[in-house]
Amino acid sequence: MAKAKKSFLIVGNWKMNPETAEEARSVFSAVARLAAKHKGQSVVVAPPAAFIASLSKKGSPLSVAVQDVSHEASGAFTGSVSAKQAKSAGASYAIIGHSERRAVGDTDELVAKKASRALEAGLRIVLCVGETERDEHAQYLRNVRGQVLSVLSAIDKKEAKDIAIAYEPVWAIGKSYDTAPSPLDIHEMVIYIRKVAAEALGKKLGLAIPVLYGGSVDSKNAKDFLSNAGIDGLLVGRQSLDPKAFGSIIEYAASI
Ligand code: PGA
């Protein structure tokens with residue numbers, strides 16, 4: 001019997017792009033057409049919150065994520081979007097703890113609250129963790145461990161099935177595509193993250209959490225990462241706005 005193909009989780013993070021709703025619709029529908037061809041893969045895009053309602057459609061082959069949620073459920077928090085609101089606008093995933101949010105003040109404690117709000121609202125979460133730099137004393141491992149544990153030790157074990165962790169070394173985000181770490185380097189961190197997840201949730205649940213890689217993924221290095229880094233998917237920034245490049249990443253995933 002042929003070996004069942006692996007199903008990857010491929011997430012595109014549009015960040016604060018594109019500028020107009022019209023452009024967003026055009027990128028979204030091009031990616032949705034590609035996702036429809038590869039239904040065995042889970043494909044998600046995270047547009048700016050302002051575009052979620054107009055893009056998401058029930059039954060679409062392309063799921064929608066919100067890029068961040070408030071740590072509060074409702075109230076006087078001007079400019080914030082709650083997890084429930086994102087869910088009601090059509091999001092089914094939330095990116096939580098992205099390094100660009102951590103850079104403007106999201107502490108591990110805040111990230112853990114946001115994760116809880118998102119899970120309570122029925123969203124699946126992609127928890128981003130990753131060091132800003134690698135020091136020779138391996139402090140970076142302790143930092144990543146802290147980022148993982150602060151969330152996993154705050155959740156109900158029943159929610160573990162709705163969590164994916166994206167390892168995104170900050171030094172590799174938004175850089176030239178050849179500065180991304182090697183598949184071997186990524187694989188080591190993936191094993192480490194799974195070990196920490198197992199510490200928090202027990203072996204069965206912890207080792208089952210999907211671990212993605214993100215940081216300067218492009219249509220050239222994606223195949224090597226998907227084949228050789230021991231990952232369950234990718235979190236793609238810039239190249240997710242280019243349907244041709246993002247499409248070839250989805251195709252690679254489907255070919256493995
Ligand atoms: P990049 O962004 O692919 O443009 O490096 C990744 C991310 O920030 O999630």
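Visitor: How many aromatic pairs does the structure hold?
Guide: This is a predicted model, in which local features need pLDDT of at least 70, side-chain atom pairs count only at pLDDT 80 or more, and totals for chains, interfaces and linings use all residues. Residues are numbered from 1 along each chain as its sequence is written, and side-chain values use heavy atoms, with hydrogens and water left out. Rings of Phe, Tyr and Trp (its six-membered ring) pair if their centres lie within 6.5 Å, and planes under 30 degrees apart count as stacked, over 60 as edge-to-face and the rest as tilted. By that rule, the number of aromatic pairs in the structure is two.

Visitor: What is the angle between the planes of Tyr167 and Tyr213?
Guide: A pair of aromatic rings is described by the distance of the centres and the angle of the planes. Tyr167 and Tyr213 form a tilted pair, with 6.3 Å from centre to centre and an angle between the planes of 55 degrees.

Visitor: How many residues apart in sequence are the parts that this pair ties together?
Guide: Strands (E, at least two residues) and helices (H or I, at least four) are DSSP runs, numbered from the N terminus. Tyr167 lies in strand β6 (residues 163-167) and Tyr213 in strand β7 (residues 211-214), so the separation in sequence of the parts tied together is 46 residues.

Visitor: Is Tyr213 buried or exposed?
Guide: Buried means under 20% relative accessible area, exposed over 50%, and partly exposed in between (1.4 Å probe, protein chains only). Tyr167 has 1% relative accessibility and therefore counts as buried. Because the relative accessible area of Tyr213 is 0%, Tyr213 is buried.

Visitor: Which helix holds Phe225, the partner of Tyr213 in an edge-to-face pair?
Guide: The rings of Tyr213 and Phe225 are 5.2 Å apart from centre to centre, with 65 degrees between the planes, which is an edge-to-face arrangement. Phe225 is buried, as is Tyr213. This pair links distant parts of the chain, 12 residues apart, with Tyr213 in strand β7 and Phe225 in helix α9 (residues 222-228).

Visitor: What radius of gyration does the protein chain have?
Guide: The radius of gyration is taken over C-alpha atoms, and the globule rule is 2.2 Å times the number of residues to the power 0.38. A compact globule of 256 residues would have a value near 18 Å, which agrees with that of the protein chain, 17 Å.

Visitor: What share of the residues in the protein chain is buried?
Guide: The protein chain has 10 helices and eight strands. Of its 256 residues, the buried share is 51%.
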